[in-house]
Amino acid sequence: MVEQHTPRSLIVTFYGAYGRAFEGPVPVSALVRLLGAAGVDAPSVRSSVSRLKRRGFLLPARAADGAAAYELSGEARRLLDDGDRRIYGGPQPSEAWLVAVFSVPEQERSKRHLLRSRLAGLGFGAVAPGVWIAPARLAEETAHTLERLHLTPYVELFRGDHLGFAPAAEAVARWWDLAALAKQHEEFLDLHEPALRALQSGPPPTPEEAYRGYLLALDSWRRLPYADPGLPRELLPAGWPGDRSAAVFAEFHARLRDIGAEYVELQAPA
């Protein structure tokens, strides 16, 4: 498998990892240098920033010296803050379940599609048409997402236990495609475990090497905690690779994140 890092995804990953720490907006010239270190050329950075601006993720601004710059919108900051709990929190067991029940009138069926896609993107599994389920610890993030998209009039959320009638492990295997989730973890491990072993046995990375390695690892990892919402381990198949992939990313984070920040400061001083 050849890993794909799109310019737009890398820009979002950069803001999640480092951009929020800036005292002001990030100058466009700094974005070009910093994304260039990850293999993205200047035209791709500029076109991707424009798309993120149209989506409301980035807002145009001016740096302290008057140079063109971009800052995160309030909505983007909330989105990244919600993501922190998943991306950096590691597996968090949840004994209860969150159930989302929705009904959308036929004349608004586009919102039905949006609801399904966003619930799937949050890691929900499908129990039945209009009935989706996830670990209960996702309640706050789910509420934020539904409020942001103005979908709350169509949804009711419930918290509770699975009482029957199929065994819980059998039910979970119906609600989620566990084979596909395991494959995503294994692909992450195939790509990044060798790099971690090299990091463990080699000389300390330079700030630029640490920045590039961390940005690429985070860009790969950050989707996984959404695809796999942290299901109870006792309900998953033996040898589940999720814990191993989380441990690999956690070590990348511990080894590279702060060293990479030194490179960011050199390229875009406050």
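Buried here means under 20% relative accessible area and exposed means over 50%, with partly exposed in between (1.4 Å probe, protein chains only). The model is a predicted one, so local features need pLDDT of at least 70 and side-chain atom pairs count only at pLDDT 80 or more, while totals for chains, interfaces and linings use all residues. Residues are numbered from 1 along each chain as its sequence is written, and side-chain values use heavy atoms, with hydrogens and water left out.

On to the helices, which like the strands are DSSP runs numbered from the N terminus (H or I and at least four residues for helices, E and at least two for strands). Helix α1 (residues 7-17) is largely enclosed by the rest of the structure, because nine of its 11 residues are buried. Those buried residues are Ser-9, Leu-10, Ile-11, Val-12, Thr-13, Phe-14, Tyr-15, Gly-16 and Ala-17.

Next come the helix pairs. Axes are lines fitted to C-alpha atoms, for helices over the stretch in contact, and angles between N-to-C directions run from 0 to 180 degrees. Helix α4 (residues 74-87) packs with helix α6 (residues 139-148) at an angle of about 160°, and their axes are 10 Å apart. That makes α4 roughly antiparallel to α6 (under 35 degrees counts as roughly parallel, over 145 as roughly antiparallel, 65 to 115 as roughly perpendicular and the rest as oblique). The crossing of α4 and α6 is left-handed, meaning that the near helix is turned anticlockwise from the far one by less than a right angle; clockwise would be right-handed. With contact taken as heavy atoms within 4.5 Å, Glu-75, Leu-79, Asp-82, Arg-85 and Arg-86 in α4 meet Glu-140, Glu-141, His-144 and Arg-148 in α6. The residues of this α4 contact with α6 split into one nonpolar, one polar and seven charged (Ala, Val, Leu, Ile, Met, Phe, Trp, Tyr, Cys and Pro count as nonpolar, Asp, Glu, Lys and Arg as charged, and the others, Gly among them, as polar).

For helix α9 (residues 207-221) and α11, the axes come within 7 Å and cross at roughly 140°. α9 and α11 are therefore oblique to each other, and their crossing is left-handed. On the α9 side the contact residues include Tyr-211, Tyr-214, Leu-218 and Trp-221, while those in α11 include Phe-249, Phe-252, Leu-256 and Tyr-263. The contact of α9 with α11 divides into 14 nonpolar residues, four polar and three charged.

Then there are the salt bridges. Side chains of opposite charge can pair when their charged atoms come close. Taking a salt bridge as a side-chain nitrogen of Lys or Arg within 4 Å of a carboxyl oxygen of Asp or Glu, the count comes to 16. In helix α11 (residues 242-267), Arg-255 and Glu-251 sit four residues apart, about one helical turn, and their side chains meet in a salt bridge (2.8 Å, N to O). Arg-255 is partly exposed at 37% relative accessibility, and Glu-251 is partly exposed at 26%. Elsewhere, salt bridges that share partners join Arg-20, Asp-81 and Asp-84 into one network.

Helix α7 (residues 168-175) holds both Arg-174 and Glu-170, again four residues apart, about one turn of the helix. The closest N and O atoms of their salt bridge are 3.9 Å apart. Arg-174 is exposed, at 52% relative accessible area, whereas Glu-170 is partly exposed at 44%. Glu-106 and Arg-112 also pair in a salt bridge (3.5 Å, N to O), in which Glu-106 is partly exposed at 45% and Arg-112 is buried at 18%.
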